Amino acid sequence: MSSTADEVRYGEWIAVRRHGTHVAELVLDRPRAMNAVSTELARRLAEACGALAADPSARAVVLTSSHERAFCVGADLKERNSFTDAELLRQRPVNRAAYTGVLELPMPTIAAVHGFALGGGFEIALSCDLIVADPTAVVGLPEVSVGVIPGGGGTQLLPRRAGAARAAELIFTGRRVAAAEALSLGLVDQLADEGRDREEALALAARIAANSPVGLRAAKRALRLGHGLDLRTGLEVEDGAWRTVAFSGDRAEGVAAFNEKRTPDWPGE
């Protein structure tokens, strides 16, 4: 890990930049390979996510790409082609840790997608809470075309966005979906002007980060844990999350600031 005043690097291909105090930008920065997920990139992505998860000052995270024509093209198939079966099996926990690291970030996360977001690249975006894309975005899970399945969460995350039948069609055909259709199918959440996906995602993150960090993390936890449960059980999950914030310093500050007609100064506890 290396750092400068406004950037921390995790190996050669992952960077974390801060925008103000509370918004972190997690950059996929392997442009020569369109951010293909190699073993090293996966290891460093997991490391960066672990550091962000432990940072109480980070209230929102935006995942971006330094490549002009791609968010991430998925697995590094050149590296995979050199693996023995034993090496592929050893790499599996490393890859899983990268996708799980993004998925389990405790604060709201936004993917800023332009160009290709395919296979594991789309799974990284799907692991985020929100996806902002520009009109150049092309998303898809083409893994069956190379003899595997989406293994970074795609078979579980895509149905939660698009429904079971639509996810089955997209995964079984492996087809690529352009930005306009992706928006209509709910595969992305917001369409920015061309070249402005990053700016729009950072602006959205700033609006999110103005809110209570305790409230944001509890709300995300309730959304994630409650999804797919029956209503009664889901409401119990919500109640548990409510109890973690009801007696917090953030709740007291939020109510006081509202009554005093001022901006809250969140203690974050």
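Mentor: Happy to! The largest pocket has a volume of about 810 Å³. Of its 25 lining residues, Leu103, Asp129, Lys220, Leu223 and Arg224 are the closest to the centre. A pocket here is an open set of points on a 1 Å grid over the protein atoms alone, where a 1.4 Å probe fits, with protein on both sides within 12 Å along at least five of seven lines; a lining residue has an atom within 4 Å of a point. The volume is the space filled by probe spheres set on the points, which are joined across faces, edges and corners.

Keep in mind that this is a predicted model, where local features need pLDDT of at least 70 and side-chain atom pairs count only at pLDDT 80 or more, while totals for chains, interfaces and linings use all residues. Residues are numbered from 1 along each chain as its sequence is written, and side-chain values use heavy atoms, with hydrogens and water left out.

Now, who builds that lining? H5 and H9 (213–226) each supply at least two residues, and H9 gives the most, with 8 residues. These helices (H or I, at least four residues), like strands (E, at least two), are DSSP runs numbered from the N terminus. By class, the lining of the largest pocket has 13 nonpolar, 3 polar and 9 charged residues. Nonpolar means Ala, Val, Leu, Ile, Met, Phe, Trp, Tyr, Cys and Pro; charged means Asp, Glu, Lys and Arg; the others, Gly among them, are polar.

Axes are lines fitted to C-alpha atoms, for helices over the stretch in contact, and angles run from 0 to 180 degrees between N-to-C directions. Angles over 145 degrees count as roughly antiparallel, under 35 as roughly parallel, 65 to 115 as roughly perpendicular, and the rest as oblique.

Next, H5. This helix (residues 154–162) packs on H6 (residues 164–173) at about 130°, with the axes 7 Å apart. H5 and H6 are therefore oblique, and their crossing is right-handed. Gly154, Thr155, Leu158, Pro159 and Ala162 in H5 touch Ala164, Arg166, Ala167, Leu170 and Ile171 in H6. That contact has 7 nonpolar, 2 polar and 1 charged residue.

H2 (77–81), H3 (85–103) and H4 (120–126) each supply at least two lining residues, with the largest share, 5 residues, coming from H3. The classes here are 10 nonpolar, 8 polar and 5 charged.

H3 also has a partner. H1 (residues 39–53) packs with H3 at about 40°, with their axes 8 Å apart, which makes H1 oblique to H3. H1 passes H3 in a left-handed crossing. The contact takes in Thr39, Ala42, Arg43, Leu45, Ala46 and Cys49 of H1 and Gln91, Val94, Asn95, Ala97, Ala98, Gly101 and Val102 of H3. By class, that contact holds 8 nonpolar, 4 polar and 1 charged residue.

One last stop: Met34 is in the loop between strand E4 (23–28) and H1, and Asn35 lies in the loop between E4 and H1. Most residues other than glycine have a negative phi. Met34, though, has a positive phi near 50°, and phi of Asn35 is positive at about 65°.

Definitions and conventions. A crossing is left-handed if the near helix is turned anticlockwise from the far one by less than a right angle, and right-handed if clockwise. Contact means heavy atoms within 4.5 Å.
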